[in-house]
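Biologist: Hi! Could you walk me through this one?
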Amino acid sequence: MIPLPTNRDENWRYANLRPLAKARVEAVAASTPPELNLPPPLPGFERWVFVDGHLASPAPSGAIARALDARVAGAAFAAQLDESIASAGVDFALARINASRGDEVLHVALPDAATACVEVVFVASAPGTAGTSYPRVQIHAGRRGRLHLVERHLGAGAGDAAVNAAVDLALAPEAAVEHSRVQCAGDKASCFDTLVAHVGERASYKLHTVMLGGLTSRSTQFIKLAGRAARCELTAATVANGIQTHDVFAEIDHAAPETTTRELFRGIATDRGKLAFNGKIIVRENAHESDSEQSLKSLLTGAGAEAAARPQLEIYTDRVRAAHGATTGKLDDQMLFYLLSRGIERGTAQALLQWAFIEAAVSRVTPSALREDIERVIVKRLSAVASLDGLLAQS
Amino acid sequence: MSSLLKIENLSAKVGGRQVLNGLSLTLNAGEVHAIMGPNGSGKSTLSYVLAGRPGYEITGGKVEFMGRDLFAMEPEERARAGLFLGFQYPVEIPGVNNVYLLKAAVNAKRKATGQPEVDAYEFLQLVRAKMKLMQMDESFLSRAVNEGFSGGEKKRNEILQMLVLEPALAVLDETDSGLDIDALKVVAKGVNSLRSPERAVLLITHYQRLLDHIVPDHVHVLARGRIAKSGGKELAHELEQRGYDWVLEVA
């Protein structure tokens with residue numbers, strides 16, 4: 001029995017862990033997939049579809065990825081590279097449960113200097129009473145390999161699924177991985193995920209997380225800049241409406257010299273929504289000339305909304321540059337008045353400013369077809385209070 | 001002659017400080033009025049009070065705009081009824097592009113008067129024509145509102161919005177500040193193109209320079225929160241030569 005994190009654990013203070021305690025730990029059994037209404041495939045990407053953790057589409061022809069049986073997939077790449085990850089404590093409890101319970105793995109071993117675009121869609125359709133779904137992705141990007149990875153989590157059925165996802169990436173020297181992940185699960189779902197990335201010398205990892213769905217969502221991200229001049233660009237955007245709780249914990253570990261982080265978080269909590277972003281940056285003793293920037297902003301628009309955007313720095317060397325800023329606030333009064341003074345309805349003006357706020361993060365998502373999909377979802381949600389017709393057509 | 005704007009004995013406080021002290025002023029359709037005055041005389045406060053910016057407390061007097069009680073109207077209602085404020089410091093709104101704002105503003109106004117939304121193509125043609133007048137590059141259309149604009153570009157953008165919205169009353173708060181002479185001429189051309197027997201313009205300015213290019217019908221000196229002196233366009237020249245002190249002494 002793997003002990004679960006609790007709110008007393010340092011990196012889990014803001015997470016809503018009640019669904020974990022209630023979830024059935026057994027994997028959802030494979031069954032005939034339901035009729036799915038998937039977004040159109042992204043041009044140029046091979047698409048893989050998993051339903052409740054089980055492969056539900058034929059392998060694309062000429063695919064670079066493979067679906068493997070979890071028993072033969074072996075230990076995660078990053079864990080192989082770094083023992084501290086394999087032996088880590090409660091922060092990795094969910095990933096270990098995923099590894100022990102999940103059945104199938106999407107596995108990408110990108111050869112040196114190869115280029116690939118992979119989209120994986122995880123649909124959670126079974127109710128939580130049928131068990132937990134365990135999506136799992138393993139990526140190894142070879143030297144100078146370039147991978148564009150899109151990871152989508154969607155809901156089907158009653159929308160009250162339990163999801164525990166695990167993603168493991170290892171980037172060989174000079175590899176470049178751009179990873180966009182979107183959580184649009186059903187509105188009663190609980191979604192937990194653990195991401196581990198090991199970034200080698202002069203490799204570049206761009207991670208864009210967009211969290212929109214689910215009742216409770218927690219993403220735990222550990223990125224190790226392990227090689228000299230490794231670089232990470234981390235973006236996260238969340239919109240917590242109604243009684244949603246969205247929580248992101250991101251730790252970036254500068255474990256080598258000249259490593260760089262650019263971190264941007266934008267979150268909106270409306271109604272009684274709650275959100276938290278905890279951005280921890282560690283700069284090790286040998287990580288001299290490293291450079292990190294954090295810009296964390298959250299916006300509260302409901303009387304019962306809560307937000308916590310927290311930068312956390314642990315620096316063990318002097319020769320570094322670290323810039324960080326964190327704010328939690330309301331809509332900018334001057335911007336609001338400017339729009340009102342042009343005759344824009346108050347509700348529309350507020351929605352427009354919320355849009356502008358979140359777009360600062362969403363605009364970084366690639367490819368553009370995915371970004372536009374996300375923008376449509378966000379505009380639709382913000383339009384609950386006002387019409388934003390034509391906003392996207394123009395932008 | 002019908003009055004567009006009738007300010008009677010207006011007093012207002014901001015941050016607990018009395019800034020307007022019984023100001024009275026009437027603008028008729030077709031007129032251009034200039035309000036001049038030293039720093040701190042209440043010029044910007046007047047413009048914000050008229051547009052309805054929060055944080056200003058009306059402590060006395062009343063304002064009628066097109067026959068309606070201005071203070072009973074929300075800022076957005078005032079705008080839709082035809083009041084336009086050209087900001088001294090236009091606000092940057094990243095993530096919202098110019099053409100969207102223009103269109104949303106025009107449609108909000110049309111909706112309020114029961115008209116259908118503008119035709120997208122015709123609207124774009126209109127905006128392009130106005131941009132040409134303001135010597136603005138078309139790339140401004142798709143850029144975020146005022147984001148990264150130079151001071152002069154922001155001011156031109158204000159005038160562009162004004163030209164597209166065609167307000168009955170334009171209140172321009174130090175639109176000339178920070179402009180070089182070429183930009184000033186462009187802005188003046190834009191304002192002059194809006195002059196008509198149905199409209200009025202209230203120019204708030206610190207310097208006489210703007211008034212060489214937009215010739216006012218009336219010039220007022222604002223001091224200590226009220227109109228200290230009024231006259232024709234020649235008053236502006238007199239102020240330029242003699243400064244504000246003599247007016248303040250008389251007042």
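**A few residues up close**

Modeller: E166(B) is found in the loop between α5 (151-165) and β9 (169-173) of chain B. Helices (H or I, at least four residues) and strands (E, at least two) are DSSP runs, numbered from the N terminus. This is a predicted model: local features need pLDDT of at least 70, side-chain atom pairs count only at pLDDT 80 or more, and totals for chains, interfaces and linings use all residues. Residues are numbered from 1 along each chain as its sequence is written, while chains are lettered from A and ligands numbered from 1 in the order in which they are written.

Biologist: What is phi of E166(B) near?

Modeller: Near 45°, a positive value in a residue other than glycine.

Biologist: And why is E166(B) partly exposed?

Modeller: Because E166(B) has 15 other C-beta atoms within 10 Å. With C-beta atoms placed from the backbone, 20 or more others within 10 Å of its own make a residue buried, 12 or fewer make it exposed, and in between it is partly exposed.

Biologist: Now A79(B): buried or exposed?

Modeller: A79(B) is buried, because 26 other C-beta atoms lie within 10 Å. A79(B) sits in helix α2 (residues 75-80) of chain B.

Biologist: Which residues does A79(B) touch?

Modeller: Not counting residues up to four places away in sequence, A79(B) touches S341(A), R342(A), G343(A) and F84(B). Contact means that the two C-beta atoms, placed from the backbone, lie within 7 Å.

Biologist: New topic: where is P367(A)?

Modeller: P367(A) is in the loop between α7 (346-362) and α8 (368-382) of chain A. The peptide bond from T366(A) to P367(A) is cis, with omega near -5°.
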